[in-house]
Amino acid sequence: MLPIGSQAINFSLKDQNDSVVSLESLRGKNVLLSFHPLAFTPVCEEQMKSLEANFDTFKSLNTVCLGISIDSVYCKKAWADIIGVKNTSLLADFWPHGGLAQQYGVFLGDFGFSGRVNILLDESHKIIFKKIYPIKEVPDINEIIDFLKSKK
């Protein structure tokens, strides 16, 4: 995994609405890369719903949250509709399979999906926080919010 202080790797991926989201287009904003293994799984659902529930808080902290998994755009769209995610971009790291997760060093090759990882980038897109979570554990979103508030 990339170390704290290193420059983030630029990317462009499609979200659940088939829109391209590029890291470069988010320059000047903090960005939370919230990697999760698979759509339609309970812990991943809670992880993405926590991003959505805190959308306004993150916006007030000049932060954009991106949920990222190896699922396809179509899968992400169906899942977002079912779990009620409307504001948070859920990115499809589908092809090359887990390519972004591999570049960030969070892809679990034995399983074919990414680990459960939060990577927080500052406004110039340097890594300022990173944490790997157990696959069966929902990340504590408040630790990210508190970290961002401490930087103000």
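**Entry 1: Gly84 and helix H3**

I began with Gly84, which I found in the loop between helix H3 (73-83) and E5. I take helices (H or I, at least four residues) and strands (E, at least two) as DSSP runs, numbered from the N terminus. I note that this is a predicted model, in which local features need pLDDT of at least 70 and side-chain atom pairs count only at pLDDT 80 or more, while totals for chains, interfaces and linings use all residues. Residues are numbered from 1 along each chain as its sequence is written, and side-chain values use heavy atoms, with hydrogens and water left out.

Is Gly84 buried or exposed, or partly exposed? At 33% relative accessibility, I count Gly84 as partly exposed, where buried means under 20% relative accessible area, exposed over 50% and partly exposed in between (1.4 Å probe, protein chains only). Gly84 follows H3 and has a positive phi, near 80 degrees.

Which residues of H3 are buried? I listed Val73, Lys76, Trp79, Ala80 and Ile83. Seen down the axis of H3, these buried residues fall within an arc of 130 degrees, so they line one face of the helix; the arc is that of the directions from the helix axis to the C-beta atoms. The face turned away from the buried side of H3 carries the exposed residues Tyr74 and Ile82. The buried residues of H3 pack against strand E1 (12-14), H1, E4 and E5, and contact here means heavy atoms within 4.5 Å.

**Entry 2: the open sheet**

Next I traced an open sheet of 5 strands, which has the order E5-E4-E3-E8-E9 with mixed pairing. Its edge strands are E5 (89-92) and E9, each of which pairs on one side only. Neighbouring strands of this sheet are turned by 20 degrees against each other on average, direction ignored. For such angles, axes are lines fitted to C-alpha atoms, for helices over the stretch in contact, and angles run from 0 to 180 degrees between N-to-C directions. Two strands pair if DSSP finds at least two bridges between them.

How many bridges join strand E3 to strand E8? I found 5 bridges between E3 (residues 30-35) and E8 (residues 116-121), and these strands run antiparallel. Leu32 stands opposite Leu120 in E8.

I then looked at the helices that lie on the strands. Helix H1 (residues 42-53) lies across E3, strand E4 (63-69), E5 and E8, running at about 165 degrees to E3. H5 lies across E3, E4, E8 and E9, running at about 165 degrees to E9.

**Entry 3: Cys44**

In the UniProt record, an unreviewed entry, I found Cys44 listed for "active site"; UniProt positions are given in the numbering used here, feature names are shortened, and annotations may be inferred rather than shown by experiment. Cys44 is placed in helix H1, and at 1% relative accessibility it counts as buried. Not counting residues up to four places away in sequence, Cys44 touches His36, Pro37, Leu38, Trp79 and Arg116.

**Entry 4: aromatic pairs**

For ring pairs I used this rule: rings of Phe, Tyr and Trp (its six-membered ring) pair if their centres lie within 6.5 Å, and planes under 30 degrees apart count as stacked, over 60 as edge-to-face and the rest as tilted. By this rule the count comes to 4 aromatic pairs. One of them, Phe111 with Phe113, is stacked, at 5.7 Å centre to centre and 25 degrees between the planes. Phe111 is exposed, with a relative accessible area of 60%, whereas Phe113 is buried, at 15%.

Another pair, Phe129 with Phe147, is tilted, at 5.3 Å centre to centre and 50 degrees between the planes. Phe129 lies in strand E9 (residues 127-133) and Phe147 in helix H5 (residues 141-150), so the pair ties together parts that are 18 residues apart in sequence. Both Phe129 and Phe147 are buried.

**Entry 5: backbone details**

Last, I noted that the peptide bond from Trp95 to Pro96 is cis, with omega near -5 degrees, and that Pro96 lies in the loop between E5 and helix H4 (99-103). His125 has a positive phi of about 70 degrees although it is not a glycine; His125 sits in the loop between E8 and E9 and is buried, with a relative accessible area of 1%.
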